[in-house]
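This report looks at the aromatic rings of a predicted model and at the charged groups placed over them.

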Amino acid sequence: MPTKPSKNAAGKDAESRDERFMRRALDLAPGGLARVEPNPMVGAVVVRGDRIVGEGFHARFGGPHAEAVALAQAGTEARGAELFVTLEPCCHHGKTPPCTDAILAAGVRRVVAAAGDPFPEVRGRGFAILKQAGLEVEVGVLETEARRLNAAYFKRQATGLPLVIAKWAMTLDGRLATASGESRWISSEAARRRVHELRRIVDAVLVGARTARMDEPRLTVRHVAPLAERGQPARVILDATLSLEPDREPVRSAAEVPVLVYTTDDGLRNEAERAAALRRAGAVLVAAPKAPGGVSPEAVLRDLGARGMSRVLVEGGARILGSFFAAGLVDRVLVFVSPKILGSAGTWGPGAGPGFAEATPSAPGLTLAEAVAVEDATFSQTGPDLAIEGRVGEF
């Protein structure tokens with residue numbers, strides 16, 4: 001549970017003051033979004049009285065940490081000042097020196113942190129070092145906001161899995177495509193641009209083999225410029241029976257942008273020639289355990305996490321989305337609802353897949369009470385479409 005900062009003689013004012021400066025640190029932290037992974041985004045401010053004398057954020061992987069940047073800006077004014085930081089200061093030698101050393105050398109008297117760092121080499125040790133040196137340490141100011149900001153980092157540290165963002169576009173009557181499979185384009189160009197803005201900050205974009213065969217998607221960042229530090233996200237395809245064609249997208253461009261194909265031992269054995277052709281085209285083939293309807297989505301995520309990936313964008317199709325929801329693996333959603341009605345009873349919605357689409361009167365699937373809840377939902381208009389974003393589960 002988050003712990004509230006202690007109150008001094010000013011009582012309630014001390015709490016609101018701490019929150020005010022921590023919000024500034026939280027506002028700074030996203031400056032490192034998609035540039036610091038697999039490290040967390042961190043912001044810091046140095047305060048004397050009610051005046052910020054230094055501030056900064058962790059801007060790039062391997063670069064100076066937020067505390068070091070803020071303390072350097074504060075200079076001699078850091079002595080006797082307070083440091084507000086969104087995550088526990090590091091205390092180990094990595095690509096940069098320990099932040100605890102810099103804090104002690106600067107002469108800071110009080111450190112206020114939003115959350116502890118779950119990284120094993122830090123986990124409470126940073127706070128302990130500062131306390132042992134006589135500094136006042138407060139933990140838990142705006143902790144929920146800090147954990148939401150770095151959900152991908154906290155999830156990987158807790159589970160080894162990347163954060164999963166499920167994205168889809170659907171009509172007003174909940175259809176992802178026509179009965180023939182046509183889905184280009186349900187959403188507007190403005191919505192597609194927003195998706196490409198999301199692609200540029202994820203490590204991988206994931207679809208199923210049917211979507212890859214039907215649409216030949218490139219799954220790259222195009223409507224906006226990719227981040228120079230990251231380039232294009234990896235393309236991930238779940239293909240249990242190994243049905244992809246090496247001369248069609250996205251495999252066709254695998255030599256330029258990585259393609260990971262997750263299949264099964266049976267798929268590799270039964271389609272040995274196709275497997276060889278896919279590898280010649282540049283695709284990386286990975287055998288994963290089977291699951292109802294195809295490849296185990298959890299096994300795929302575990303492998304992607306082991307490859308250092310922090311965020312994965314699942315773009316479909318219906319069975320892939322359904323399998324991730326049924327396995328409880330979705331963390332965030334981005335949904336575009338287009339003001340169109342298809343009215344076709346023969347098409348699937350985003351919940352189709354093992355555990356959802358196969359419901360029958362004798363096995364009716366989820367009840368309304370068991371429905372997957374989307375929390376912290378926000379609603380905005382993107383072109384003519386309604387965009388819905390929200391959180392599913394802990395992260």
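Phenylalanine 21 counts as buried, since its relative accessibility is 3%, and phenylalanine 84 likewise counts as buried at 0% relative accessibility. In this predicted model, the count of aromatic pairs comes to three. One of them joins phenylalanine 21 and phenylalanine 84, whose ring centres lie 5.4 Å apart and whose planes meet at 45°, so the pair is tilted, given that planes under 30 degrees apart count as stacked and those over 60 as edge-to-face. Phenylalanine 21 belongs to helix H1 (residues 12-28) and phenylalanine 84 to strand S3 (residues 82-85), so this contact ties together parts that are 63 residues apart in sequence.

Another aromatic pair is formed by tyrosine 153 and phenylalanine 154, and it is edge-to-face, with 5.9 Å from centre to centre and 75° between the planes. Tyrosine 153 is buried, with a relative accessible area of 8%, and phenylalanine 154 is also buried, with a relative accessible area of 4%.

Each of these two pairs includes a ring with an arginine over it, as the table sets out.

| Arginine | Ring | Distance to ring centre |
|---|---|---|
| Arginine 20 | Phenylalanine 21 | 4.6 Å |
| Arginine 147 | Phenylalanine 154 | 4.3 Å |

Phenylalanine 21, which pairs with phenylalanine 84, thus has arginine 20 lying over its face. For phenylalanine 154, the partner of tyrosine 153, the group over the ring is the charged end of arginine 147.

Key. Residues numbered from 1 in each chain as written. Predicted model: local features only at pLDDT ≥ 70, side-chain atom pairs only at ≥ 80, totals over all residues. Heavy atoms only, no water. Phe/Tyr/Trp six-rings, centres within 6.5 Å; stacked < 30°, edge-to-face > 60°. Helix = DSSP H or I, 4+ residues; strand = E, 2+ residues; numbered from the N terminus. Buried < 20%, exposed > 50% of the residue type's maximum accessible area, 1.4 Å probe, protein only. Lys NZ or Arg CZ within 6 Å of the ring centre and 35° of its normal.
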